[in-house]
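Thanks, everyone. Please bring up the model, and we'll start with the pockets.

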Amino acid sequence: MTKRLITANWICPITRPPIRDGAVLIDGEFIRGVGTAEALRADHPDVMVEDLGHTVVTPGLVNAHTHLALTAAAGLLPPDEFCEWLARVPPVMGAWTSEDLAASATMGALESLQAGVTVVGEIVYDRAAADAVLASGLGATLYWEVLGGRGEHLGEKLERIGFPTEEFAGTRWVTGISPHAPYTAGPSLLKETHALARAKGLPYAIHVAESVAETNLMRSGRGPLADVADRMAPDFTPPGTSTVAYLDRLGVLKEALAIHVCEASHVDLVRLAASARGVVVCPRSNQWLHNRRAPAEQIAALGVPMAVGTDSAASNENLDLLEDVRALQRAAPRLSASQLLRSVTIDGAFVIGLGDRFGALEPYLAADLAVFDLGRTTEPEAAVVRAGGRATLRSVMTAGRWRIRDGAIEDDAGTMESAALAARNKAAAALAPAGR
Ligand SMILES: [Zn+2]
């Protein structure tokens, strides 16, 4: 692929202020330069120019917490109390083959691209679904999920789910690992998983302090998650503390990406600031599952790197990440537009361990772009936060290639949709006997 210059009314590099009449120089899969169109045209007079006119160009967005393989269950699990909802997930997963999970993940990847997302922090249950995410062109940290049983069985567990044994990274992806949550992974499994992540340098994520039920379990050992913990985490005993304090004491918070953090005191946030890699907040998922809002303003004030995730389409209206940013803004009005935009670009890439490849428009990062039609504006970052998303997305590029161009999807998605529909029907049938 030859070099080319993408020019537009506004270029938002994120690492510097927006550039009016800006340009991005692309060479193959990577960015080679960013600046004003005038300067870059003068420096590269022979390069092909693609002018996007009155649009706002941002880096491809980073959705730091997804379960794309659950996308085909969208609409099947209505908003409900967290534990009620959680109990309905295993029947859906149980009804699906590896092919169904892959079709569902492909569907989620396409919805991500349509929202301007080009990078995800994906929880992985299955090799085929992970491959489907990468085949879609998305960049990803693939957090292989482990849960149930004791730490000494980690090796067998990983083998069963197809965790890679040799190759841990490609140009656009890295392997990570994620014990699901402190009520489905007991202390020995948490420690073993964390030790493996530290030894191999793998990104490590865990669902943390999501629900009141989890807090009650930690404090007293009682409540609706007690049965789940009995079954899944045989060596768990209630610590009598918060989840964050418990994980910190186990030593597994170090460099961890903490997902949700709805139930966290100031002291918990200080612990996270001292140890964790960052936090992903999922505002619309938390609302869907009747959980509290994460204390986003305090998290930001303490300097904890904060990203935003949609969580799965089974606990959200859709995978339109900027809708979650707007939900976050309503709940945390003190966060500035540029802070909010950083959470789904550079900070999102950082917390999932991909900050050296994605999340900004700078030389040597991936040529991943999201292009929005936002009319004439003098404040492009605020305009993206206010009105960016699926409704205003014009084009998306990953690795130097347009995946969506002027609203049209470049690949044929027909086959994918019928496979995902079949998965959806199976999931609906699996849920039917439960009286829904
Ligand atoms: Zn999740």
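The largest pocket is lined by 32 residues. Nearest its centre lie Val89, Pro90, Glu145, Leu147 and His180. A pocket, here, is an open set of points on a 1 Å grid over the protein atoms alone, where a 1.4 Å probe fits, with protein on both sides within 12 Å along at least five of seven lines; lining residues have an atom within 4 Å of a point.

Before going on: this is a predicted model, where local features need pLDDT of at least 70 and side-chain atom pairs count only at pLDDT 80 or more, while totals for chains, interfaces and linings use all residues. Residues are numbered from 1 along each chain as its sequence is written, and side-chain values use heavy atoms, with hydrogens and water left out.

Back to the largest pocket. Two or more lining residues come from each of α2, β8 (139-146), α5 (154-161) and α8 (226-232). Helices (H or I, at least four residues) and strands (E, at least two) are DSSP runs, numbered from the N terminus. The largest share, 8 residues, is from α2.

Now the second largest pocket. Its lining has 20 residues, and closest to the centre are Pro283, Arg293, Ala294, Ala327 and Ala331. Here the elements giving two or more residues are α11 (283-288), α12 (296-301) and α13 (321-331).

Next, the core. Which residues of the largest nonpolar core touch the most other members? They are Trp96, Tyr183, Leu190, Leu225, Leu272, Leu328 and Ile352, out of 131. Such a core is a set of buried Ala, Val, Leu, Ile, Met, Phe, Trp, Tyr and Cys residues joined through side-chain atoms within 4.5 Å. Buried means under 20% relative accessible area, exposed over 50%, partly exposed in between (1.4 Å probe, protein chains only). Helix α2 (residues 82-95) gives the most to this core, 6 residues. Domain 1 (3-59 + 366-408) and domain 2 (61-351) both contribute, so the core lies between them. Those domain bounds come from an automatic or database domain assignment.

Threonine 58 sits in strand β5 (residues 56-59). Is threonine 58 buried or exposed? Buried, at 0% relative accessible area. Beyond four places in sequence, threonine 58 touches Cys12, Leu361, Asp368, Leu369, Ala370, Phe372 and Val384. Contact means heavy atoms within 4.5 Å.

Arginine 198 is in helix α6 (residues 187-200). At 44% relative accessibility, arginine 198 is partly exposed. Leaving out residues up to four places away in sequence, arginine 198 touches Lys254 and Glu255.
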